[in-house]
Amino acid sequence: MGKGQELYKKAKEIIPGGTMLLSKRPEQLLPDNWPSYYSKSKGCCVWDLDGKEYIDCSMMGIGTNTLGYANEVVDEAVMQIIREGNLTTLNCPEEVYLAEKLLQMNSWAGGVRYTRGGGEANSVCIRIARAFTGKDKVAICGYHGWHDWYVSVNLSENDALSGHLLPGIPTNGVPKGLRGSSIPFHYNNYEELLEIVDNNPDLGIIKMEVCRNFGPENNFLQKVRNLATERGIVLIFDECTSGFRETFGGLYLKYGVEPDMAVFSKTMGNGYAICAVVGRKDIMEAAQGSWISSTFWTERIGPTAALAALAEMERTKSWEIITEIGLNNKKRWQLLADKYGLEIEQWGIPALAGYTFKSKNHLAYKTYITQEMLKKGFLAGNSLYPCIAHTPEILDNYFYELDGIFAQIRDFEDGKDVMKVLEGPICQSGFKRLN
């Protein structure tokens with residue numbers, strides 16, 4: 001075992017769940033053999049605790065670092081702030097400058113509030129929208145974090161959230177009284193949403209991702225927008241994941257449908273913790289009639305990083321670069337699958353794309369890819385979230401190595417036992433309690 005695996009063994013003894021983010025659990029990637037921890041990073045490269053260098057052709061900080069790790073422009077802005085002081089009794093001016101920038105980018109909006117995590121930003125916007133409408137119920141579509149208001153969906157129907165990214169999300173600790181307060185609907189199923197709205201007069205909010213694995217059909221987003229307007233419902237677009245990937249701002253810009261509120265996170269600070277809730281002025285003013293307050297929402301690093309990252313995005317047009325890379329990746333995955341007669345299902349917008357083998361052994365194949373690519377110096381699974389540091393040379397090498405692995409998977413489909421070549425357990429899918 002390397003130092004990372006040894007440290008993770010210790011972590012599981014003293015940190016329940018091993019780590020604070022499910023997506024970073026080694027059990028989700030390569031149980032027993034994932035490096036687990038890093039010592040440094042730069043561009044799209046990561047060094048583990050043993051000093052071994054890997055090229056990150058996986059999730060790039062779970063989708064946070066579209067400008068690459070340790071971006072010099074963003075980091076220098078942050079270091080200057082650290083030298084001058086991060087948090088004092090007075091407020092930092094950057095939170096005002098960032099609000100001005102976000103309102104300029106979202107001309108329909110008139111107010112901004114900040115948090116440092118996407119889950120809490122989603123909770124803040126729900127609190128504000130409930131304060132504005134005076135209604136409690138929420139219709140949801142997509143993944144919106146870990147807080148009670150969202151996880152309560154699984155109180156009404158066992159594992160209802162499995163269709164919204166993660167299967168197996170437990171409800172232990174979520175008040176039973178929240179049952180029925182958040183109601184799920186399926187993307188592109190307008191009739192289902194209409195029925196929910198018709199049957200719940202106390203529903204005041206529709207909260208959804210603009211898209212995740214596939215785009216809108218039959219004018220779906222515009223229909224949702226019209227319904228919300230007609231019924232006096234607040235429409236919230238969760239852009240925590242999708243923001244700044246295909247457009248400079250929200251993915252809603254691509255489809256020309258404006259929300260009443262939007263939530264931005266992930267890429268906005270290029271790895272530094274900053275989230276923003278942006279909304280219509282009349283709705284955001286309702287925040288003053290509710291208790292929404294936290295000391296570390298006023299620290300200086302987050303908004304400083306966001307201002308620098310947004311400027312760097314504008315300069316490089318990063319969203320265009322990563323979208324082009326992502327489109328090319330999707331073509332090359334399909335070419336490999338076709339070359340070896342394998343069936344794959346692709347998902348995600350180009351800059352958040354991946355694929356799944358249409359096979360009963362798909363998790364074993366994902367584990368095998370991660371295992372073999374790790375030996376070749378890549379952090380890789382069945383997805384790739386590109387950043388501007390992913391050069392053509394890096395990606396050519398990635399696909400060269402992946403070619404041989406797809407050839408082996410062809411052999412597995414023809415009868416060779418994949419379990420005999422796995423050097424540890426199969427990776428997990430969704431939430432599972434760790435032993």
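**Helix packing and a pocket**

A: Helix α13 (residues 318-339) packs against helix α15 (residues 392-413) at an angle of about 25°, with the axes 10 Å apart; axes are lines fitted to C-alpha atoms over the stretch in contact, and angles run from 0 to 180 degrees between N-to-C directions. α13 is therefore roughly parallel to α15 (under 35 degrees). The model is predicted: local features need pLDDT of at least 70 and side-chain atom pairs pLDDT 80 or more, whereas totals for chains, interfaces and linings use all residues. Residues are numbered from 1 along each chain as its sequence is written, and side-chain values use heavy atoms, leaving out hydrogens and water. Helices are DSSP runs of H or I with at least four residues, numbered from the N terminus.

The crossing of α13 and α15 is right-handed, the near helix being turned clockwise from the far one by less than a right angle. In the contact (heavy atoms within 4.5 Å), α13 contributes Ile325, Asn329, Arg332, Trp333, Leu336, Ala337 and Lys339, while α15 contributes Leu395, Asp396, Tyr398, Phe399, Leu402, Asp403 and Phe406. By class, nine of these contact residues are nonpolar, one is polar and four are charged (nonpolar: Ala, Val, Leu, Ile, Met, Phe, Trp, Tyr, Cys, Pro; charged: Asp, Glu, Lys, Arg; polar: the others, Gly among them).

Turning to the second largest pocket, its lining includes Arg127, Arg130, Asp148, Trp149, Trp291 and Trp297. A pocket is an open set of points on a 1 Å grid over the protein atoms alone, where a 1.4 Å probe fits, with protein on both sides within 12 Å along at least five of seven lines; lining residues have an atom within 4 Å of a point. Both α5 (118-133) and α6 (148-151) supply at least two lining residues, and α5 gives the most, with five. Seven nonpolar, two polar and three charged residues make up this lining.

Definitions and conventions. Parallel < 35°, antiparallel > 145°, perpendicular 65-115°, else oblique.
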